Amino acid sequence: MKILLAVDGSEYTARMLDYLAAHKEWSNAGHAFTVFYAVLPVPHRAAAFAGPDLVHTYYDDEARVVLEPVRAALALHGIEAAFAHKVGHPADEIANFAERGKFDLVIMGSRGHGALTNLVLGSVAMKVLARCTVPVLLVR
């Protein structure tokens, strides 16, 4: 099974990784994991002021800060994974990456806001569920 682990570096990502570690059927079943992080874009005016080299470096550094702890956590539990990041809105980028990569499942952490909060504010998890044609497993 081809599984996309959508991460954001939050405690909810840590909970999702703990879930994977606690359920050995995920890691021992020969699944192919890819860890994905969507970096929020720098506002256009700030990007124009900073210049393309600095903005590109910022995106790479931001991804490294989020992905390196995930890499270490997976390695600790013997889970091998590929790593990728894209710049854009997280929900759109996760759904697009999952569909283009022909993944069988997306696993991601979720804050678990109530229905009213999700209605007013929305959430990345809810937007991924609405937008993604790939099955999504939310870990709370």
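Select Ala81 to begin: in this predicted model, Ala81 is partly exposed, with a relative accessible area of 25%. Ala81 belongs to strand S3, which covers residues 81-87. Leaving aside residues up to four places away in sequence, Ala81 touches Phe33, Val35 and Leu74. Ala81 and Leu105 are 24 residues apart along the chain, and their C-alpha atoms are separated by 14 Å.

**Helix H1**

Next, select residues 11-22, which form helix H1. With 12 residues at 1.5 Å a residue, H1 should span 16 Å, and its end C-alpha atoms are 16 Å apart, so the two values agree. At the start of H1, show the side chain of Ser10. A side-chain oxygen of Ser10 comes to within 3.1 Å of the backbone nitrogen of Tyr12.

Which residues of H1 are buried? They are Tyr12, Thr13, Met16, Leu17, Leu20 and Ala21. These buried residues pack against strands S1 (2-7), S2 (32-39), S4 (105-109) and S5 (136-139), and against helices H2 (24-27) and H4 (52-76).

Then show Glu11 and Arg15, whose side chains meet in a salt bridge with an N to O distance of 3.0 Å. The two are separated by about one helical turn because they are 4 residues apart in H1. Glu11 is partly exposed at 47% relative accessibility, and Arg15 is partly exposed with a relative accessible area of 37%.

**The nonpolar cores**

Select Leu5, Val7, Met16, Leu20 and Ile107 together. In the largest nonpolar core, which has 23 residues, these five touch the most other members. S1, H1, S2, H4 and S4 each supply at least two residues of this core. The largest share, 7 residues, comes from H4.

Center the view on Leu5. Not counting residues up to four places away in sequence, Leu5 touches Met16, Leu20, Phe33, Thr34, Val35, Phe36, Leu74 and Ile107. A second, separate core has 17 residues, including Ala6, Ala84, Ile94 and Val134.

**Salt bridges elsewhere**

How many salt bridges are there in the count? The count comes to 5. Asp61 and Arg64 are 3 residues apart in H4, about one turn of the helix. Arg64 is partly exposed at 44% relative accessibility, as is Asp61 at 33%.

Now select Glu99 and Arg131, which form a salt bridge with an N to O distance of 3.9 Å. This pair links distant parts of the chain: Glu99 lies in helix H5 and Arg131 in helix H7 (residues 124-131), 32 residues apart. Both count as partly exposed, Glu99 at 27% relative accessibility and Arg131 at 34%. Salt bridges that share partners join Asp92, Glu99 and Arg131 into one network.

Move to Glu93 in helix H5, residues 90-100. Glu93 is buried yet has no salt bridge. Apart from residues up to four places away in sequence, Glu93 touches Phe36, Ala38, Lys86, Val87 and Gly88.

Finish at Lys102, in the loop between H5 and S4. Lys102 has a positive phi of about 55° although it is not a glycine. Is Lys102 buried or exposed? At 66% relative accessibility, Lys102 counts as exposed.

Terms used. Residues are numbered from 1 along each chain as its sequence is written. This is a predicted model: local features need pLDDT of at least 70, side-chain atom pairs count only at pLDDT 80 or more; totals for chains, interfaces and linings use all residues. Side-chain values use heavy atoms; hydrogens and water are left out. Buried means under 20% relative accessible area, exposed over 50%, partly exposed in between (1.4 Å probe, protein chains only). Lys and Arg count as positive and Asp and Glu as negative; His and the chain ends are not counted. A salt bridge is a side-chain nitrogen of Lys or Arg within 4 Å of a carboxyl oxygen of Asp or Glu. Contact means heavy atoms within 4.5 Å. The expected span of a helix is 1.5 Å times one less than its number of residues. A polar contact is a pair of N or O atoms within 3.5 Å; within protein, one must be able to donate a hydrogen and the other to accept it, and residues adjacent in sequence count only if both atoms are side-chain atoms. A nonpolar core is a set of buried Ala, Val, Leu, Ile, Met, Phe, Trp, Tyr and Cys residues joined through side-chain atoms within 4.5 Å.
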